[in-house]
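Open the model in your viewer and switch to a cartoon view. We will go from one selection to the next.

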Amino acid sequence: MTIESPAEAPPAVPAAADIALDPLAGNEFVVLVGSPVRCAREVPSATAGAAVLRVPAVEADFAGLAGMAAVVEAVLPFVRAEAPELIRESELDPRFYPLSAGQIREFGATLARTVKFAVIRRIGRESHQAALGIDRIARTLLEVRRRCPSLAGGLTIVIDDAHRWDRPSLRCLHRCVHLADSAPAVSVLACARPLADAVESEDDFAGLAARARHRFFARMATVGAVRVRNLPDPGPGWRPPVAAGQPVGALLDGMGDALVLQNYEEIYRLAAQLRPADASADELADAFRLVGIADAQLRDFDAAKDRLARAVTLTTSTPFRAHLLSLLGLIETKRSYDLDAAAACYDEGLALLDATAEDEAAADVERGWLLNGYALVHAIRARQVAEPARGELFAKAFSLEFEAFALVREVRNLEGAYLRQNVIANIVFLLEITQRHGEAAAFWRKALDPYLVRDDSGFWVAFTARLGYLHCQAGDVDTGLAELEAALAACRRSLDHFTAEDVELKIAFAHTLGRNWRAAHARYLAAWRIAHRQRERDVCAEALTGMLWCLAELGESDGLSALAASVRAKLPGTRLAGQLAGLAVDPGQLTRSLAEAGITLPKPTPKSRAYIPSVDLEGAPDHDMNRFLAWGTRNAPQLS
């Protein structure tokens, strides 16, 4: 244990009053579930004492960001009359999103063009860009509340058709309530028809849309600020009407766009419009693929696998069939954690491609994805066994990744480029997992340096932060810290708080490698401050745990006890508070005291986070696979 000079001031710790993560007093999101008549009776008493913004009904069920576009239309009269300068500022200030209903709607289309391919290829949410946009929209609405004198007594937003709203718009309002100051308060009163939690069949897509919304309201009630009140005499359950179908191509495009925005009810609604008689077998297979990915994102893994298996039997394209098998393998690996089933999917896909000469270029890309997925299976298995089997499995994983890379080394299209970057990242990760950090840093720089010629600040930040972290792991802490600080500075310029908190955690951990506990504590505190403003429960937990460990290493028993007491008092019922409830502080053995309570120095996730739970309002996967592969531990510290 390192004890620094007593002449130095004790490290700062968050005040007890500042640690709580629930929305500030007066801010709440209430969902009233009942008939229109019953809901209408409740609204006057629920909105007393605040300015009421009644949002007009949305034009179409679940249409992407139509809800927030309606909110913007409703607030613009206030802004034009009381703060007209904000309209121009919202277009220029990176803190805000333009106060334009048209630009709000366009956000979804822009995002889809950016990350749709990644969402569909890897069954990930790619939450980062969506979270940034939702955060900016929420902050813009809060700025309207702050600037307009008529809203000084508080603002209550009333929605009469929340059962029809798109999911990202509801997430925007939830974010607004969570980020609002306590005075004046911001509240949302969302009236919704009752929604059934049962469906008639696996292809009852309108029923699946209603069930997804029912479960989303229930999920919102578990993450703070939201109360769901089921009123008496609710009336019949609502489901979206199935309108006349759009052209099949437009339906499929819309389903893909909805996936990017995590607007899952819209995917089911569009699927309900698709008439099998109007679609080819390959178009039906594509629809089942998109619905299956939505099922997986909503954690209905059995339905997802059934849907993808049906798509395999429908498609006439061997490369597409191989692609579907690679998706099934990913679900088995990353969600069901069944490595044997995953391997069977990859084997079947590779055998299909071996037996066909159809579209060789497309087949090479799909073979690359199958090999890439199979490499992950070998890497996970390697983590679960001892030498010499571990080394043999890692060698096989490397071999498969290099084979995948060779297949697309010269492929000059989007599919080839995306797989190439994915394989490069995985080779670097394998080098990191096998403790070859210097090689990992060198390969990362050499392989991705050509991409830095693009004017893409987000790519530069991700590249530089990863490089800095690898250099720190390799022992070149000074170089690594300089790169991490450069990435952090870029995050601050672009107001990317989500990446900034992640980089701060990596800087803190880098200081622990040199046992510079005071500097590490300061950076854990900085990460906590960002995350607390952002209401990021998972990052707050990691930062608080890091601070506790640093205080123990510094011999700061008073600070450790004070911080532990604050967590117990202000975060009751959380996992961290439960661990600290059993903490017996021994001033001479502080790190041992923490370890006996189940608290250790948190290990950072090596890659950027794919999920932002506080904005997604959907849980992350049960296991952090990247953290498990890098450190042998499946999860980060959790508050809940």
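Predicted model: local features only at pLDDT ≥ 70, side-chain atom pairs only at ≥ 80, totals over all residues.

Numbering starts from 1 along each chain as its sequence is written, and side-chain values use heavy atoms, without hydrogens and water.

**Stop 1: the sheet.** Color the strands (DSSP runs of E, at least two residues, numbered from the N terminus). Five of them form an open sheet with parallel pairing, ordered β2-β3-β4-β1-β5; two strands pair if DSSP finds at least two bridges between them. β2 (51–55) and β5 (226–230) are at the edges with a single partner strand each, so one side of each has no neighbour in the sheet. On average, neighbouring strands are turned by 15° against each other, direction ignored (axes are lines fitted to C-alpha atoms, for helices over the stretch in contact; angles run from 0 to 180 degrees between N-to-C directions).

**Stop 2: β3 and β4.** Select 155–159 and 186–192: five bridges join these parallel strands. Valine 158 sits opposite leucine 189 in β4.

**Stop 3: α20.** Now select 477–494, a helix (a DSSP run of H or I, at least four residues). Its 18 residues should span 26 Å at 1.5 Å a residue, and the end C-alpha atoms are 26 Å apart, which agrees; the expected span is 1.5 Å times one less than the number of residues. Buried residues (under 20% relative accessible area, 1.4 Å probe, protein chains only) of α20 include Leu484 and Cys491.

Note on methods: Buried < 20%, exposed > 50% of the residue type's maximum accessible area, 1.4 Å probe, protein only.
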